[in-house]
Amino acid sequence: MTIKANLTELFPLFFVAALCSCGNKENQSQQTIWTKADSLTETYLSLHDSLHQAWNVMMHDENMKLKAMHSLLHEVSLTSPGEQETLHNLEERLEQLAHIRYTQEDLANAEVVEEYDFASNVLVSELTALAESRKEFEYNTTMQKLVNTILHADQRVSNYRQHYDETAIRFNAFIDKNSNLLKEIDQQELTKKPLFHMSADE
C-alpha cells in the first residue's frame with residue numbers, strides 16, 4: 001500500500017516533467033527554424049545589396065560616358081562654327097539617349113536594350129569620328145582625353161553587364177531555393193531579376 005500510494009503521488013510529477021520535455025523540444029525546433037530564417041534573410045539582403053551595387057556601378061559608368069560625350073560635343077563646337085546644324089542634331093540625339101535608357105525591369109524586353117545600344121553605338125561612332133577629323137584634335141589634349149574616356153567606357157559595358165548577370169543568377173537561384181520560407185518571414189513579393197544574358201565569351 002505504501003509503494004502504490006507513493007507511485008500515485010509521483011505520477012503528476014512525471015506528467016509535468018514529460019510536458020516540460022515536449023515543450024523544450026518544441027521550443028528548440030521553433031528556435032532552429034527562426035535561426036535558419038534569420039540566416040536566409042541575411043543572405044537574401046546581402047545578395048540584394050550586391051545586385052543593387054552591380055547595377056549602380058554600371059549605370060554610373062554609363063552616366064560618365066554620356067557626360068564625356070556632351071563635353072566632347074562642346075569642344076567640337078568651339079572649333080566648328082560652320083557645322084552648327086550637325087552639332088545641334090547630335091546634341092538632340094544625345095539628349096534623347098538619356099530618355100530611352102533602360103531600367104532593371106526593361107531587361108525582360110531585349111528590344112528595349114537593343115534600341116538603346118544601337119542609338120548609343122551610332123552616336124559614339126559619329127561623335128568620336130567627328131572629333132578625330134578636326135585638325136585641332138592632334139594638339140587638343142582635352143578632346144583626346146574625352147575621346148579616350150568615351151571609347152574605354154564603351155569597352156567596359158560588356159564586362160559590367162556580365163558581372164550584373166552573374167550576380168542576378170545567384171540572386172534568382174537563391175529565391176528559387178528558398179522562396180517559401182522567405183515569404184513566411186516577411187510576406188514580401190520575391191521577384192526574380194531579368195538578365196542581359198551575357199555569356200562569358202562575349
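A: Arginine 156 sits in helix H4, which covers residues 141–186. Helices here are DSSP runs of H or I with at least four residues, strands are runs of E with at least two, and both are numbered from the N terminus. The model is predicted: local features need pLDDT of at least 70, side-chain atom pairs count only at pLDDT 80 or more, and totals for chains, interfaces and linings use all residues. Residues are numbered from 1 along each chain as its sequence is written, and side-chain values use heavy atoms, without hydrogens or water.

Buried means under 20%, exposed means over 50%, and partly exposed is in between (1.4 Å probe, protein chains only). Along the chain, arginine 156 and aspartate 61 are 95 residues apart, yet their C-alpha atoms are separated by 8.6 Å.

Tyrosine 160 also lies in H4. Its relative accessibility is 24%, so tyrosine 160 counts as partly exposed. Tyrosine 160 is in contact (heavy atoms within 4.5 Å) with Val57, Met58 and Asp61, leaving aside neighbours within four places in sequence.

Now the core. A nonpolar core is a set of buried Ala, Val, Leu, Ile, Met, Phe, Trp, Tyr and Cys residues joined through side-chain atoms within 4.5 Å. The largest one has 43 residues, and Trp55, Met69, Leu72, Tyr102, Tyr164 and Phe196 have the most contacts inside it. Helix H1 (2–79), H2, H3 and H4 each supply at least two of its residues. H1 gives the largest share, 14 residues. Methionine 69 touches Leu94, Leu123, Val124, Leu127 and Ile150, not counting residues up to four places away in sequence.

Next, a helix pair. Helix H2 (residues 84–99) packs with helix H3 (residues 110–133) at an angle of about 150 degrees, and their axes are 10 Å apart. Axes are lines fitted to C-alpha atoms, for helices over the stretch in contact, and angles run from 0 to 180 degrees between N-to-C directions. On the H2 side, Leu87, Leu90, Arg93, Leu94 and Leu97 take part. They meet residues of H3, including Tyr116, Leu123 and Leu127. Among the buried residues of H3 are Tyr116, Leu123, Val124 and Leu127.
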